[in-house]
Amino acid sequence: MSIAGIFEHPLGRLGPDALPFWQMLQHPTEGNIINGCVATGAASMVVIGALVMVVLLTRYRRWGVLWSDWLTSPDHKKIGIMYVAIAFVMLARALIEAVLMRAQQAFGLSGGFLSPDHFAQLFSTHGTIMIFFMAMPFLTGIINYVMPMQIGARDVSFPVLNSISLGLTAAGAGLVMVSLVIGKFSTGGWFGYPPFTEASFSPGVGPDYWIWSLTLASLGSTLTGINFAVTIYKERAPGMTLMRMPLFTWTALCTSILMIFAMPPLTVATAQLALDRYLGFHYFTNALGGNMMNFANLFWLFGHPEVYILILPSFGVFSEVISTFSGKVLYGYRSLVMATMAITVLSFTVWLHHFFTMGQNANMNAAFGIASMLIGVPTGVKIYDWMLTMFRGRVRFTVPMVYSFGFILLFVLGGMSGILLANPSVDYQVHNTVFLVAHFHNMAVPGVLFGMLVAYHFWFPKAFGFRLDERWGMVSALCWIFGFMAAFFPLYVLGVMGLPRRTVAYSEASYVPLEWVAFLGALLILVALGSLLWQLRVSIRHRDENRVAAGDPWNGRSLEWATSAPPPEYNFAVIPSVEGRDAFARAKEEGCAYQSPDTYRDIELPRNSAMGPVTGAIGFALGFGLVWHIWWLVILSFLAAVTTLIVRGFARDTTRVVPADEVRREHLRWIAAVNATTAVSRVDECRPVNDGRARYEAIGVAP
Amino acid sequence: MISAGRWLVLSAVVPMLAACTGNLHLSFLDPQGPVAAAQRWHFFEVLGIMAVLVAGPIFLLLPFFAWRYRYGNKASRYAPRWEFSRLLEIMAWSGPIVIVVVLSFILWRDTHRLDPYKPLASDQTPLRVQVIGYDWKWLFIYPDQGIASIGMLAMPAGRPVSMQITSATVMQSLFIPALGSQIYAMGGMVTRLNLEADRPGRFLGENTMYNGNGFHQQHFTAAGMTPDDFSAWVQNVRAHGTPLDARTLQLVAGRSTRAALIDALPGKATHDGNLYFTHVSEALFPAVVQATLDGRAQLPRSALAHADPDRPRSADAPHSASASTP
């Protein structure tokens, strides 16, 4: 590309044909009109959604608040909340796509209503979003919010880096959203196997959107992993030894380790694919020395640990929740820690099971098959330990517990289908069929998503100061559980009946009834998401009845419950001193919770920084320029990135001080409020009378 | 229990299959060959062990614990400090370990026994078939018979079929569920698959690896035949098939579905919607592998049929413009 070329094509390959309704207008056939309308409808939702946000922010003069209180905030709690907000937006989009796909397949015998290309974009964006822009931001947000408080820290080790990670993730999510409006997304699935995604077979912008949104997200996640791991190693309160950390923090640590080691192979693989596509390299082409098997290995070297990046935080959440709502100390803490670490290590030894059918010999397949089954051992131990936590407890059937029951039972079934798939000779039969689709959704929905929704219910009162509506939560939980069963159990059967995944249509009439059951299940899941949003609305409306300002609505066990709800931005007026596991439960039991120290000190906090949003905006512009070959934008964004880094290097005044007096005033006011709060029994846990102070009922602390 | 329910669903669905799909066998749970039969046994063996030893206890104990130790039941024992029992801990670890060890033996045995590269035990010499994956159809070459087909993989029942598989385009996966394993087809590489049909019948064949717009139409019928019927079929193809010359192969190699290819080859399709070719050289398959590996569009002249008297010998056209140029 010469200099002249840059000016000749200022918009690169971006033209009017990138608009979702262009083809429909040029060639108004019936199929084009239906697909054009669906795509245009989706694009309008993105555009209208963005416009409504802009109008509301302007109307209520909230731009300043958004900028100074949220976007530039280095506070791990606000960053966590923003991550979760991204996750919910992306969940809504990817779920609607899922319903659309199930509808298409329900009518798939006669060809359905979507074009193959449109359908392929749907399954590619659905998978990409659910993994990288729903599950990852959700768990990153929850860890961000909870983990520093659980270890008694004021923030993560690198608060501004945290904000940059968020910016990069948001930029990636933004690219995927923009692909709905301008151009097309990849049709190569969420793992984008070459040579299909090479320029010779997919010359359009689709794979480039996929490459750059993933690259942005994976860089963000690598930085997040480093940040979390360092925080857990270095920022723990005095006395918080590793073996006293709450189990959720343990899983956060293991997930961070996995992020650090597993994300780089993905970044390398997508970078190599980009070199193939942009500069004519031959890493993964058919010809001239390229080999797509290298991509498969690199991708799954990331992809399998990624599965555990997703599931481990959920395991941590369930451990906290089951212990708290059973009114009992977590059974087998040491075992659970060992199991978590075992899974972390084993997760790097099984990647080959994603391509048993690629032609390697029986010894190799058998070795990786057995390694895959081995992961069932620590996972099984976890399930037994959770059940033993309920044993001789006082189990309260709250929304998080209903999810937990659903999780354990469904997860066991998903684990069984996983063991089946770990057998190469069975995998040869069900690989690439919807049996596989059923299996990984069986792990990802009850495991990852239920875990994250439980975390949302559990810690929402901590973050916002009021409880979520219990009744709508229950409706949503039941719809999720039964909707999941209806949507995915039929796919197991369809899979053994030979229905391949990713097929827009089929010619066997015997598939139709079960496809319809699955479609109805998907609709039920849509109802579940709807009731989740309705629950939020109802809860906000009735927030004054459900306030839990004292901060401990569930009779909690770990340190995050020892603060007000919402907590002050420095989390703890005085850094707690920890003497054992379940530090807050111990304090309550010994009657020394809610005490004010003799002296308060000044607290140093990081200043707001525009680095996060600026880096995100630059990342987005760079990605967009690369996708559309708008080279001036690429060069400008690159220069802007370098400049930003240099400018940040000169920033000296990066902290501010909260004076001891102010800390003392805040803290004493909260202590007084707690003392004025009636402690409630667990019977009244979900009633307005629960103001966030738990009456002493034996909750048990390990000796 | 849900697991038991799934068993019921599976066992109810399988007999239905043959009835409602016009005798096209879809599933390995309705096996038509020794490999699929062994896979079915393996599937139920593993599923049965896990249903009894893994799901059973958890599905019984979890509801029992949740109900017995519910908050409202003050009669149940409450031990809030209890957090460890050596005996239970040993059981929690050793149970899954024992199950995995047992399953590992089964896995090791069957992975070797059912290795798709391993020739099947038989007193007959296997029928050789070479498979080339194009977008979006499979070309089945019978090198010893000098014929080829699209849409139909005929095989004599009771005689093993030994397949060599490659792709002239992106990655695909060749799969005949009622007979046995699937295996990837990859450009410039040759994978292998050994299958056998026990008895005459029609079996669903497909590609399971998404490869573009025509993916869902990349089906074929695998047909088991009596040896006599198979010989007759070969004779029939030889008598009525189209010579696979350069022009025809160029059309085959284009990105098109079987239906579109038939439109492009007027008068060449048979009434069953398949295409049959004669004068197929044994050199074709290795030539396609090598050309894909080299990124060459041209196939050597020796790999193509020259039986068409209407065309001069020098008419070798590019074999695949879209597929093998990087």
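Which domains does the domain assignment give for chain A? The assignment gives domain 1 (1-61) and domain 2 (62-609 + 654-684), where the bounds come from an automatic or database domain assignment. This is a predicted model, in which local features need pLDDT of at least 70, side-chain atom pairs count only at pLDDT 80 or more, and totals for chains, interfaces and linings use all residues. Residues are numbered from 1 along each chain as its sequence is written, while chains are lettered from A and ligands numbered from 1 in the order in which they are written.

**Chain A: overall form**

- Chain A has 22 helices and two strands; helices (H or I, at least four residues) and strands (E, at least two) are DSSP runs, numbered from the N terminus.
- The radius of gyration of chain A is 26 Å, close to the 27 Å of the globule rule for 703 residues, so chain A is as compact as a globular protein of that length. This radius is taken over C-alpha atoms, and the globule rule is 2.2 Å times the number of residues to the power 0.38.
- The C-alpha trace of chain A spans about 75 × 55 × 50 Å along its principal axes.
- Of the 703 residues in chain A, 61% are buried. A residue is buried if 20 or more other C-beta atoms lie within 10 Å of its own, exposed if 12 or fewer, and partly exposed in between, with C-beta atoms placed from the backbone.
- Among contacts in chain A between residues at least 6 apart in sequence, 82% join residues at least 24 apart; a contact requires C-beta atoms, placed from the backbone, within 7 Å.

- The centres of domain 1 and domain 2 of chain A, taken over C-alpha atoms, are separated by 31 Å.
- In chain A, 14 residues of domain 1 are in contact with twelve residues of domain 2. The domain 1 side of this contact has ten nonpolar, three polar and one charged residues. In these classes Ala, Val, Leu, Ile, Met, Phe, Trp, Tyr, Cys and Pro count as nonpolar, Asp, Glu, Lys and Arg as charged, and the others, Gly among them, as polar.
- The largest nonpolar core has 305 residues, and A:Phe133, A:Met134 and A:Val412 touch the most other members. Such a core is a set of buried Ala, Val, Leu, Ile, Met, Phe, Trp, Tyr and Cys residues joined through C-beta atoms within 7 Å.
- Leaving aside residues up to four places away in sequence, A:Phe133 touches A:Ile86, A:Met90, A:Gly172, A:Ala173, A:Val176 and A:Ala217.
- A:Ala610 lies in the loop between strand E1 (603-606) and helix H20 (611-628) of chain A.
- A:Ala610 counts as partly exposed because it has 17 C-beta neighbours inside 10 Å.
- From A:Ala610 to A:Thr644 the separation is 34 residues in sequence and 9.9 Å in space, C-alpha to C-alpha.

**Chain B: overall form and domains**

- Chain B contains eight helices and 13 strands.
- Of its 326 residues, 46% count as buried.
- For chain B, 72% of the contacts between residues at least 6 apart in sequence join residues at least 24 apart.
- The domain assignment of chain B gives domain 1 (2-113) and domain 2 (127-324).
- In chain B, 14 residues of domain 1 are in contact with 15 residues of domain 2. On the domain 1 side, H2(B) gives the most, with four residues.
- By class, that side of domain 1 of chain B has seven nonpolar, six polar and one charged residues.

**Chain B: strands**

- An open sheet of seven strands in chain B has the order E9-E6-E2-E3-E4-E13-E12, with mixed pairing. Its edge strands, E9 (191-195) and E12 (242-243) of chain B, each pair on one side only; two strands pair if DSSP finds at least two bridges between them.
- Strands E2 (residues 127-134) and E3 (residues 137-142) of chain B run antiparallel and are joined by five bridges. B:Gly133 has B:Trp138 in E3(B) as its bridge partner.
- Four bridges join the antiparallel strands E7 (residues 172-175) and E8 of chain B, and B:Leu174 stands opposite B:Ile183 in E8(B).
- E7(B) and E8(B) form a hairpin with six residues between them, and B:Gly180 in the turn has a positive phi of about 160 degrees.

**Contact between the chains**

- The contact takes 86 residues from chain B and 90 residues from chain A.
- H3(B) supplies the largest share of the chain B side, 15 residues.
- By class, the side of chain B that touches chain A has 52 nonpolar, 24 polar and ten charged residues.

Notes:
Contact = placed C-beta atoms within 7 Å.
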